[in-house]
Amino acid sequence: MDLIWDGLGEAVRIIRTGDYAIWEITLRSLLISGSAVVISLIIGIAVGAAIAFNEFRGRNLVFSLVNTGMGLPPVVVGLLVAIFLWRSGPLGHLRLIYTPAAMVVAQTIIATPIVTGFTAAALRQLDPRWRTQIYALGASRLQMLWIILWETKLPLLAAVMAGFGGAISEIGASQMVGGNLAGDTRVLTTAVMLEVNRGNFAPAIALSIILLALIFVVSLVLTTVQQQERT
Amino acid sequence: MKRASWLASLLLALVAALGLVSCGGDNESKETPTPKAEATATPQPATTGTPKAATTGTPQAAATGTPVVRSGPKEIILATTTSTQDSGLLDVLVPEFEKDSGYNLKVIAVGSGQALAMGQRGDADVLLVHAPASEKALIDDGSAINRQLVMHNDFIILGPEKDPADIKGMTSAVDAMKKMFDAGSTFISRGDDSGTNKAELSLWKKAGVDPKGKDWYEETGQGMGATLQVANQKDGYTLSDRATFVAQKEGFVLKVLVEGDPLLLNVYSVMQVNPDKFDLVNGPGGEAFADFMVSEKAQQMIGAYVDKKSGKSLFIPDAGKTYEQLGMKTPFG
């Protein structure tokens, strides 16, 4: 029990003094996972809309694949990305391994199926007659997509939240492709692991609290938006 | 339009985040010329004669007539064992090396087994490891060059205070292993092919027993810090390097039971991954780090490095020595 109190006390101290480069690490976590979510939104909404609106052979298979992807183990993604980006790998000459960019790539792969799945599910709920009506009113394809996305923004915000939560809380991929380099690729999750391995439990607890708080704040902002839309 | 502005600002923030990350990347590439300029001032003995250095010279530099010295990437990947990071030693050495050399050193702390595998595939530029026999294999197959002793400490056999196998104070590590085997009390192994794991397996072998598959023998597959915690929680025996143990002893019930056997010597070496074998390996960078680790300055810092919590020194510098001089005749596998 002492450890928990020590950890909480240490958390307050670290947050106040900015020790362990805590703000830098927090900002980096936010930037890397935020970038990954933005990219996964672009891909996920496009793919999600494509499989929700189009009838084609093997659509159920694609849906199952996307749903499998929603539970993609981060460590598997990390290994896959690392195999490509290691110098001995096919993309080794890009020298991307152990950079924030590599982490964005890995987290995008983790978040994209989540966003795709949520988007496809949301868009499938729409009444198809509604779409025909918008078309009949003379909307272009792009305009229609915009209108539909606007109408489904509540479930889409849930997609953003789920994608962001998946990206920022994973550790396996970040450790493998980022390397947990101080001042470069160290994010909150890998910093927690490092402090635990060093036996420094108090800062580990402090970092965990900050990670939780960060996810909470992002969820709070998005939920507030959601609630405002509803009223 | 309150809702629209909400969404717009959110989107803007995310796009800004994306922009910031890419800007971060830009900054890195802009910074690179500075260390290059510094490098030109220092004499570089390796450039003459090595075809590598000559070919990596950028054509633009040659055309404008500026001297081509130590070109190539400013980034070095160091693959090393967990103990050098978990003990905090690299936190002291790395900034000093980066300041002196202008290189950006990326420290990837994995077990020595994985570090050596990275070297063998050309995925790292330089290795700092403690698995003498496996290191030799890399030298022999041409993956690594320029191996030099850096420092040592020792392995220790740790266990619960109650000591069910009754090994406390034994002077022969091999006898202690045999006794632990006979007692069949919980032993927590790294099981990750690291230098410490190799040392442990070699000790079992010397004792003529094989604990693999016994129900009291458990493998964590994790770093030394994590493994110590498992042993501590499960009242198990384990083999650890002294640095990692000292660095996180606080709150531990594990006790040092066997130490001092010459067989328990733990020697760290630095070696370069062979740039002639792998195109992407940063030869000059790897060499610069190897040179730094055996330099007087780094050696002094290693000797002076003490654990913050206990105030104990963790490593003894060894540059220029041989295994034989350290009293180690048959290095671990």
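In chain B, B:Ala173, B:Val174 and B:Met177 of α9(B) meet B:Leu203, B:Trp204 and B:Lys206 of α10(B). Contact here means C-beta atoms, placed from the backbone, within 7 Å. Helices (H or I, at least four residues) and strands (E, at least two) are DSSP runs, numbered from the N terminus. This is a predicted model: local features need pLDDT of at least 70, side-chain atom pairs count only at pLDDT 80 or more, and totals for chains, interfaces and linings use all residues. Residues are numbered from 1 along each chain as its sequence is written, while chains are lettered from A and ligands numbered from 1 in the order in which they are written.

Helix α9 (residues 173-183) packs on α10(B) at an angle of about 80°, with the axes 8 Å apart. That makes α9(B) roughly perpendicular to α10(B), a label for angles of 65 to 115 degrees. Axes are lines fitted to C-alpha atoms over the stretch in contact, and angles run from 0 to 180 degrees between N-to-C directions. By class, the contact has five nonpolar, no polar and one charged residues. Ala, Val, Leu, Ile, Met, Phe, Trp, Tyr, Cys and Pro count as nonpolar; Asp, Glu, Lys and Arg as charged; the others, Gly among them, as polar.

## The two sides of α8

Helix α8 (residues 132-140) of chain B has B:Pro132, B:Ser134, B:Glu135 and B:Leu138 buried. They sit on the same side of α8(B), because they cover an arc of only 165° around the axis. The arc is taken from the directions from the helix axis to the C-beta atoms. On the other side, B:Ala133 and B:Asp140 are exposed. Buried means 20 or more other C-beta atoms within 10 Å of the residue's own, exposed 12 or fewer.

The cover over the buried residues includes α7 (112-121), β3 (126-129), β4 (144-159), α10 (195-206) and β9 (265-273) of chain B. After α8(B) comes B:Gly142, with a positive phi near 85°.

B:Ala79 lies in strand β1 (residues 75-80) of chain B. B:Ala79 counts as buried because it has 26 C-beta neighbours inside 10 Å. Beyond four places in sequence, its contacts include B:Ile108, B:Val110, B:Ala115 and B:Leu127.

## Domains of chain B

The domain assignment, automatic or from a database, gives domain 1 (75-153 + 266-317) and domain 2 (154-264). Their C-alpha centres lie 25 Å apart. 21 residues of domain 1 are in contact with 19 residues of domain 2. On the domain 1 side, α5(B) supplies the largest share, three residues.

Conventions:
Two residues are in contact if their C-beta atoms, placed from the backbone, lie within 7 Å. Angles under 35 degrees count as roughly parallel, over 145 as roughly antiparallel, 65 to 115 as roughly perpendicular and the rest as oblique.
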